[in-house]
Amino acid sequence: MSTYTPGQPVTAVVQRIEIHKLRQGDNLILGFSIGGGIDQDPGQNPFSGDKTDKGIYVTRITPGGPAHEAGLRMGDKIMQVNGWDMTMVTHDQARKTLTKKNEDTVRLLVTRKSLEDAVKNSMGSYPRQ
Amino acid sequence: MDTESTYSGYSYYSGRSRGSHRHGERSRDRHKPRSKDSRSEKSVTINTPPAEPLLGDSVVRGEQVQDDNWGETTTAVTGTSEHSLSQEDIVRITKDLEDSVGLDCRRYFTLTLAVILGLLVFLTPLAFLLLPHLLWPEKLQSCGTACEGLFISVAFKLLILLLAVWALFFRPPRAGLPRVFVFRALLAVLVLLFVVSYWLFYGVRILDSQDENYQGIVQYAVSLVDALLFIHYLAIVLLELRQLQPCFSVCVTRSTDGEMRHYNLGQLSIQRAALAILEHYYCDFPVHNPALLSASKSRAAKHLAGLKVYNVDGEFPAAPAEGPGNNAAAGLAHSQSRAMIAAAARRRDTSHNELYYEEAEHERRVRKRKARLVVAVEEAFTHIKRMQEEEQKKAPGDVMDPREAAQAIFPSMARALQKYLRTTKQQHCHSMESIQQHLAFCITNNMTPKAFLESYLAPGPTLQYSRDHWLARQWTLISEASVTSGLKDGSIFVLKCADFSLVVTTKKIPYIQMSEEYIDPKSHKFVLRLQSETSV
């Protein structure tokens, strides 16, 4: 994960993940849990490399659920949901964006360390912007 | 089985040899005592160049070591100290007698000087007032109201001055210091000069010209008394107030057992600082017990005893200690001692083992004796009961006063107490009489057995014991700087008495720079540390 310098655009290697929501009774569930947010304490986040990172992270995945099948993994940082930015939102805003009742699928952009490493290894040097 | 050492003529032997030191320098088996009493091991003197007796100086206490170079020697280390204490006593008493005569002379001399100065100071204003009336009464103007008012003022100021001087100077002297007390001497000189100058002025301007203005003379006398009061104020500030603010931290170490204390002192001269330290010493330091030092001395003896230097090349330096001009011999002796130090360092020494087991055993013994003692004392205390007032009137049967009560219950605890004191080597500090007195005191004041025992379980300050333990009232101050100079950072001096010395080092208390920081009471705000996890 790249560290955030104020005023500079954030760059990351991301993966597109499309999750189809599962209907369980009256609810549409995605099958994972999120943690983090700008109103939360970033020091408690076990998945972030930089302990000042206030982004939204995936903390648990229900095995066999829609998220797991779509390829989401524990520890992923969610950068966008359906085009909405997730790097500077409160915890509640993230939850609401993910659980909109009139949407059946969500398209996430997620980043993880292994993605960056893979790109670095394959290209030899990380392309700088 | 003794072999003669060829080069020095000294002989040695191996005593009751458990391991022999016959064959050269290495003796591995030397330190295997068969009994627990390791003090009975023999030691051999080494003929090192500083030809001193092995265990040091002439003021050895509690041990009789014979430094014998001529043949069979047994080093008998005895633990009794009555014998050596009485020798100490004699030495000290004679020294006290010799010095007290000289000190008393000096004391009386200063006392007479002070009295003369005081009389001069007090009689001068009165003389100023009376002399015109005696010498030229008819020419003198009569004294009006204002003038008579000044008489009252002179009288009261003189009274106040008298009381103040009595309070400050007429106190029993605490000590005799080696050098004169500089501030007091300066003040006395100042007062003398002052009074003499006033007399001069009076003599020239008033007596000679026979001045008639009596009011002026009275005012002159009043000004003298005022100035004397101000000099007294100066005396208070210089003698009493200046050293109150702590400025130095002194560290006092006793040379025999390393007891250390720290005190804060103000700006004092070295001799006054030494006096203050000695007064603290008597109250704070545990009493000096020479019987506790014998163990380390015997260990030191054993360290040197195992090695013997042989010179196989056949050189014969006659006596290495003789003659400073004997350079070759001195060099040879120097190399010998270095060889011995090297050998001692290499040798596998098991004396630490001995020390460890000995100390553990001693600890166990002390604790056992202490347990017996505590039980005995508690039992003894249950035998007596305080009688109430009403009972006293009713049954005047077997009634005892505290002293008799103490004597009645003392025998039941005497043996346990004696054994405990012997084990902790305190038996010479307490006599039977003092123990019984203390017991009577505790009974009178309703103390518990534990309170009675506390003064015997651990050594207390020197003041707690009987007078003969304070015999070291003769102290010597050893200092490189002059003893009337002030204390400085890093000054070191030594206070020596007959048995031990106190080494004093000084450090200046650092200058403290303090700054302030203001915190608004409304600025204390807190937030919760949130860590929520939501499933979607």
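**Exercise 1. Find which strands of chain B helix H5 lies across, and work out how those strands are arranged.**

*Solution.* Start with helix H5 of chain B, residues 270–284, in this predicted model. Helix H5 lies across E1, E2, E3, E4 (492–496) and E5 of chain B. Against E2(B), the helix runs at about 130 degrees.

The five strands of chain B form an open sheet, and reading across gives E2-E1-E5-E4-E3, with antiparallel pairing. At the edges sit strand E2 (260–265) and strand E3 (476–479) of chain B, each of which pairs on one side only. From one strand to the next, the twist averages 25 degrees.

**Exercise 2. Describe the interface of chain A and chain B by its residues and its buried area.**

*Solution.* Begin with the contacts: 18 residues of chain A touch eight residues of chain B. Then turn to area. The size of an interface is often given as the accessible area lost when the parts come together. Here the two chains bury about 1100 Å² between them, with 46% of it on carbon and sulfur atoms. Three residues stand out on chain A: Gln40(A), Asp41(A) and Gln44(A) supply 37% of the area that chain A buries against chain B, more than any other three residues.

**Exercise 3. Locate the salt bridge across the interface, then say which elements of chain A take part in the contact.**

*Solution.* The rule finds one salt bridge across the interface of chain A and chain B. Glu533(B) forms a salt bridge with Arg60(A); the closest N and O atoms are 3.3 Å apart, inside the 4 Å cut-off. There are also ten residue pairs in polar contact across the interface.

For the elements, check strand E4 (32–36), strand E5 (56–61) and helix H2 (91–98) of chain A: each supplies at least two residues of the side that touches chain B. E4(A) gives the most, with five residues. By class, this side of chain A has five nonpolar, nine polar and four charged residues.

**Exercise 4. Show how E4(A) pairs with a strand of chain B.**

*Solution.* Follow E4(A) to strand E6 of chain B, residues 533–535. The two strands pair in the antiparallel sense over three bridges. For one example, take Ile34(A): the bridge partner in E6(B) is Thr534(B).

Technical notes: Residues numbered from 1 in each chain as written. Chains lettered and ligands numbered in written order. Predicted model: local features only at pLDDT ≥ 70, side-chain atom pairs only at ≥ 80, totals over all residues. Heavy atoms only, no water. Pairing = 2+ DSSP bridges. Helix = DSSP H or I, 4+ residues; strand = E, 2+ residues; numbered from the N terminus. Axes fitted to C-alpha atoms, helices over the stretch in contact; angles between N-to-C directions. Contact = heavy atoms within 4.5 Å. Buried area = accessible area lost by both parts, 1.4 Å probe. Salt bridge = Lys/Arg side-chain N within 4 Å of Asp/Glu carboxyl O. Polar contact = N/O pair within 3.5 Å; in protein donor to acceptor, adjacent residues only side chain to side chain. Nonpolar A, V, L, I, M, F, W, Y, C, P; charged D, E, K, R; others polar.
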